[in-house]
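Hi,

Here is the structure I said I would pass on.

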Amino acid sequence: MTHKPLELLPGTLDTLILRSLQRGPLHGYAIMQALRDRSDEILQVGESSLYPALQRLLLNGWVKAEWGASENNRRARYYTLTAPGRKQLASERADLERMMAAIRQVLETA
Amino acid sequence: MSKLLRRIQYLFRRNRMEADLAEEMEFHRAMLAREFPDGAGAARAWGNTTLAREDSRAVWLGPWLEGFWRDLSYGVRGLARERGFTAVALSALAIAIGLNTALFTVFNAIALRPWPVKDPGRVVNVLRRIGSGSRAGGLDGFGVAEWRYLTEHTKAFTGLLLTRNGERVEVDRRPLSLTWVTGNYFSVLGVEMARGRGFLPEEDRAQAPEAVAVLNYGTWRNDFGGDPSIVGKTVRLDEVPFTIVGVAPETFTGTSPLRVDFWAPLSARRVLRPHDAEVLPWLTSLDHCCSSMAGRLAPGFTREQGASEVELLMGQLHGKSEHEGGGAVITSGTALLESPDSQEHQVVPALAAMFAAMTLVLLLACANVGNLLLARAAARRTEIAVRLSLGGSRGRLIRQLLVESFTLALAAAALGLALAWSAPAAIAARLEPENAFGLTPDWRVCAYTASLAILACLAFGLAPAIQATHGRIAGALKREAPLRFSRLPLRSVLLAAQVAISVMLLAGAGLMVRGLQHAQHQDPGFRIDQVTVASLELPAAAYSGQRAKIFTSQLQNALAETGGLPASGLASDVPMENSRTFTDIRRTGEPPGRERIVQMHDVTGGYFEVLRIPLVAGRNFTPGDAGRQVVLLNETAARSFFGADSPVGKTIESAGKTWEVAGVAKDAHTTDPGAIAPTVYWPMTGRFNLPHVLIADAGAASRERIAAIVRGLEPKGRVVFAPLSDNLRSQLEPARYAAMLAGALGLLALALASIGMSGVFAYMVRQRTREIGLRMALGAHPAQVVRMILASHLRALAWGLAVGLAGASAASRLLRSMMNGVSPFDPLAYAGVFALLIAAAAAASAIPARRAARVDPLTALRWE
């Protein structure tokens, strides 16, 4: 069965992108695929939110972008996690997990 | 911080970054198309491309900048749509900003831009204040001997230098100019030569002068064809061989606003003028003055310390009892103050008057555009009201309107800068072909223009923006024009301001034109018609100093002995030539230090006969007076030194000698058409230079005979004849230019004011169309309607007129020196202003009034 795609909670997209880059450099399309596939197609990230988010990460210096060849030999822009990006991911991730635990707790007990 | 840096980096590499984003998104789309071959899926997964791009840009620009960007493009679109408004507002502002920038460019070149030397901040002008205490006079320079003493003893300056410009030399029959400088000139200033070297200290010794010179870069390129092997070559200046030791860099054109072709050491003047007995004393004696001094302050010394050291040393040199010590003044090293006696007094008031006028033009343009913006905002009431009612914040709207004004101001500034780029050089070339200012705008000029644009934008944009967003929304939505205006509507204030400024500018122009007319017709106090001036051209090297004196007395005798010649007289300078020579004298019996400055002319008795200047007391000069110690005074000098007593037979003191007053000549404008200064006439001896010969009623035959007399005395001599009236014409040339300029400014002001007025009237008609229609439907005559429209602004016009007249009469006091004795309340000038202004107002109201009169009652009433 396929799930209905969900909108992301505000503010979580940046963290998820950083997390998907932790294993290595990816281009924009691969990031979108990674988010979709790893969430069993629940998280559908539109390009109109993905690219502004990537620009935001560039502006903050958490990722850097370089042109390289894609798997099918096209020119693609690869994003790589920087050291400040790693630090940011760690702290955001901790915050996010506490937040989700809190939400679950509220949903189950209230 | 690094985030800000990245934002700035983005601004510079925007095109590149946006191209990257576009390509990346293109790649993304291609991948999607592969994964979802059916188009629908791809479109769904894709989303909104434009939004993605705009949002990405917003990330970089930040929320504030992004908003600004949006306002800017909105403003540009709005301005592009309303072409008529934009053209009028833009040209008014561009002209006003351009004129201001052009003027500032000139000011910058002569007063602000430091000399192009090493570490210019430490290089200063050193000046001496003449007199002391309450009788402190103008500023002056230093003598060569004084400079030598100061140089030997100073601790506050690492070097002091002296310059004296204005020596004319002939090179291959071309007149060029030479400036004398001390041997350390280039080394103190730290000027690196383009070729060769500067002077060596041993090249400037009074006892062993060396004929060496440094060439100006432009002269080297233009007059010497940029000869690469010029250094070491010999150039004949007035037939005297000088060795070129160097070429100055292109950027360095000297330390005075005057053009310099050659620099040579002071002592080389002995080589160039071997017969001039005054040169050696000039180089060595303490009695000789004055050249311009500048110096480089030593590290750790301030200007005040430098000035007090110079005062102290001068006191030591001249002995404490001497009144000579005086004060010392130190100013920045710019061209304006370099030769204070000649420059400052003429340039500064003229510049101040011009600045005042230009500021008025700018204010006028601002008031004008402000009024147009108000009218435009009124036409956009509905749009503004809709936006306010939909929840747009008022601050946001004001910001948007201001950004629009800012766009306008910025575009105008760009146009104005272009105007300023070309205009001043053209004007300066006409006014003063001798100067060597760098008139290209530099960063100071650009900064000035930018701040003008911002100030102008606030001046014309802020008030309309605030007023436009003010008021009730509901009424505006219903296009309900308010029938009652607030007590002091902004529009009326702006209109009054426009009228006031135009009146001031026009009145100033009118007064200057009247002053010019007056000067052309005033009685100069002497005969101008049918007087011929004969100027002698003799080899300058041979005819200076003692030789000139001998020649003068020979000429005087020859003219007197030759029978049948018309009356003639000799003079050191030609009347109305604007050449001034000053000296200071005191009445015998007054203590030393009470000297006052007078103008001096050396003349023979024939001078007064040819010019028909009567002697009111005593006797005229006789040929025997040449060696005697007698003088004549003009009436002003007689009054100033002797009061009501007759000065004849009394004595004055000058240059350490006593002179007897032989007579008093009637006052005459022998120097310039302005006020008559106290003047002393000395018997002609040829001590300064070769004399001019003034001849009454010279026909061709007597001219030829005079030329023959000169050739008889000096075979190489030539004589140039010119009517004296030519001098009056060239004397009035600056006034003519000033009046022309003022007239042009006045007309510009008038044009701006008419545009402004017609804008206001047109707006009023538009705003009151319904009311007009109603009145006409009820039987009002079109003329009555027109009168009604005009009447509502009559008060503003009257106020503007009154304020303008008050301002004009105050300003005319400043202009007095240029008015040649015309009263600041000259009725003709003011009548002209009134006539012009009324004509302009009538023209400005004609079109809107016609439109009002043609309003069709039915259409008007149905108008919403």
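Between chain A and chain B there are 6 residue pairs in polar contact, both residues at pLDDT 80 or more. A polar contact here is a pair of N or O atoms within 3.5 Å; within protein, one must be able to donate a hydrogen and the other to accept it, and residues adjacent in sequence count only if both atoms are side-chain atoms. Bear in mind that this is a predicted model: local features need pLDDT of at least 70, side-chain atom pairs count only at pLDDT 80 or more, and totals for chains, interfaces and linings use all residues. Residues are numbered from 1 along each chain as its sequence is written, chains are lettered from A and ligands numbered from 1 in the order in which they are written, and side-chain values use heavy atoms, with hydrogens and water left out.

(Helices are DSSP runs of H or I, at least four residues, and strands are runs of E, at least two, numbered from the N terminus.) H3(A) supplies the largest share, 10 residues. In total, 27 residues of chain A are in contact with 25 of chain B, contact meaning heavy atoms within 4.5 Å. The two chains bury about 2400 Å² between them, 57% of it on carbon and sulfur atoms; that is the accessible area (1.4 Å probe) lost on putting the two parts together, summed over both.

The cut-off is a side-chain nitrogen of Lys or Arg within 4 Å of a carboxyl oxygen of Asp or Glu. One to look at is Arg77(A) with Glu24(B), whose closest N and O atoms are 3.2 Å apart.

H3(A) (residues 47–60) also packs against H1(A) (residues 12–20), at about 75 degrees and with the axes 10 Å apart. Among the residues making that contact are Leu13(A) and Ile17(A) of H1(A), and Leu50(A) and Leu57(A) of H3(A). Axes are lines fitted to C-alpha atoms, for helices over the stretch in contact, and angles run from 0 to 180 degrees between N-to-C directions.

Cheers
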